[in-house]
Amino acid sequence: MATFQSLNFSNKKALVRVDFNVPLDKSFKITDDTRIRAALPTINHILGHGGAVILFSHLGRPEAKLKPDGSIDKEKFTLRHLVPHLSELLGRPVQFCDELRGNKLKSVAGALQAGEVLLMENTRFEAGEEKCDPGLSEEWASLADLYVNDAFGTAHRAHASNVGVSNCFDTSRKSFGFLMAAELTNARKVTDHPQHPFTAVLGGAKVSDKILLIERILDIADQIIIGGGMAYTFIKALGGETGKSLVEAEKIELAKTLLDKAQAKNKLLLLPQDSVIADSFSDSSNTQVCNSHEIPADWMGLDIGPVAREQFRTVLLQAKTILWNGPMGVFEMPSFARGTAFVAQAVADATREGAYSLIGGGDSVAAINQAGLDDEVSYVSTGGGAMLELLEGKQLPGVAAIEG
Ligand code: AMP
């Protein structure tokens, strides 16, 4: 497999799959450009080494939000919305082609000179994209000499733009970009060669979303801290009273199995001893702190309590490797954000003491950003679903297509 820096971009055209799936407001202004910024080092490297760049990406789910007449809403989902901001970030004009196939695209791409950038239209405007259509893949591949995949966010999907196109290039003409390589290196630091003790903090709403992750983590981590809504299914499995907390009744047996597995493997599985409970799912509800196993019938646990916070912090400060996925409570509401903020601070403090910390997963990323601590942890992943699948031990199609 070629590394990105070993590819010779001089006077070559590079087709770069980026993840420009950014949120837009009603007037199509970008509200968060993190994903575009994350791809800039890769793009600038190619331009700086004498190459021309053809960028392509999906944006939203145009195929799921068709117009009343059944056609794609091109006005809403066009990548053209991104051109002004991307030009500004790159400090050079960005050309745009509104055709995804045919002569127009071929001639615009063919005329590109070293240092120039072309942005293609939303890949999902083509039905063959999500079907990994070979004809479409070949047509896109024929536009360039080299292929670079920097779209970690879609690496768990086998689409034409990340898998089909990649298969058209031999291993000496394709590589990951900087972002994708960094995501893989950081995930593998945790999964393949973690320093011990390795503590995983898992939170979020449901056990059902994280079963595979918990099972894998039970194999590789030494301690597992479980917070957030999913803790209550475990507490119920232990015979606790959980009131109206989020409990997945059909997952109680599974939670028992996971608790037994942890015990059999001699792994510490920590649940919050106490909780901040509320009498309704609202930021302005009445709240109190109580033992997580004794939540009154009409109340629900919406955050970890002060004893749990301190206990989780103590365990985190002893760790050499930390993986954090999922908030400790309903952190979107200030009344239930303290546990998550406290854990974020503990992860940052442990990192300062020398631990390696990976923040993987959408909501924990939002939480670490909300706490302003994103620069104080080792790595914050950009890919929610892709990172989750990687941590679960799955082979990602977008990764396999480059690594072979
Ligand atoms: P996930 O996407 O699975 O990581 O879940 C994140 C969501 O879990 C956030 O929107 C939180 O508000 C929610 N959450 C965390 N703790 C709780 C809780 N105790 N009860 C209900 N929802 C929760």
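Both faces of strand S7 are covered, since Phe198, Ala200 and Leu202 on one side and Thr199 and Val201 on the other are all buried, where buried means under 20% relative accessible area, exposed means over 50%, and partly exposed lies in between (1.4 Å probe, protein chains only). Helices (H or I, at least four residues) and strands (E, at least two) are DSSP runs, numbered from the N terminus.

The model described here is predicted, and local features need pLDDT of at least 70, side-chain atom pairs count only at pLDDT 80 or more, and totals for chains, interfaces and linings use all residues. Residues are numbered from 1 along each chain as its sequence is written, and side-chain values use heavy atoms, with hydrogens and water left out.

**The sheet around S7**

S7 belongs to an open sheet of six strands, in the order S10-S8-S7-S15-S16-S17 and with parallel pairing; two strands pair if DSSP finds at least two bridges between them. At the edges stand S10 (268-270) and S17 (379-380), each of which pairs on one side only. S7 (residues 198-202) runs parallel to S15 (residues 321-325) and is joined to that strand by five bridges, with phenylalanine 198 standing opposite threonine 321. Helix H13 (residues 338-352) packs on the sheet and touches S7, S15 and strand S16 (356-359), contact meaning heavy atoms within 4.5 Å. The direction of H13 makes about 155° with that of S15; axes are lines fitted to C-alpha atoms, for helices over the stretch in contact, and angles run from 0 to 180 degrees between N-to-C directions. S7 also pairs in the parallel sense with S8 (residues 223-226), over four bridges, and glutamine 223 in S8 is the bridge partner of threonine 199.

**The ligand**

The ligand is surrounded by 13 residues, and the closest are Ala205, Gly229, Gly301, Glu332 and Asp363; a residue is near a molecule if one of its heavy atoms lies within 4 Å of it. The table gives polar contacts, which are pairs of N or O atoms within 3.5 Å.

| Protein atom | Ligand atom | Distance |
|---|---|---|
| Glycine 229, backbone N or O | nitrogen | 3.0 Å |
| Glycine 301, backbone N or O | nitrogen | 3.0 Å |
| Aspartate 363, polar side-chain atom | oxygen | 3.4 Å |

Taken alone the ligand exposes 500 Å², of which the protein buries 80%; accessible areas come from the Shrake-Rupley method with a 1.4 Å probe.

How values were computed:
Polar contact = N/O pair within 3.5 Å; in protein donor to acceptor, adjacent residues only side chain to side chain.
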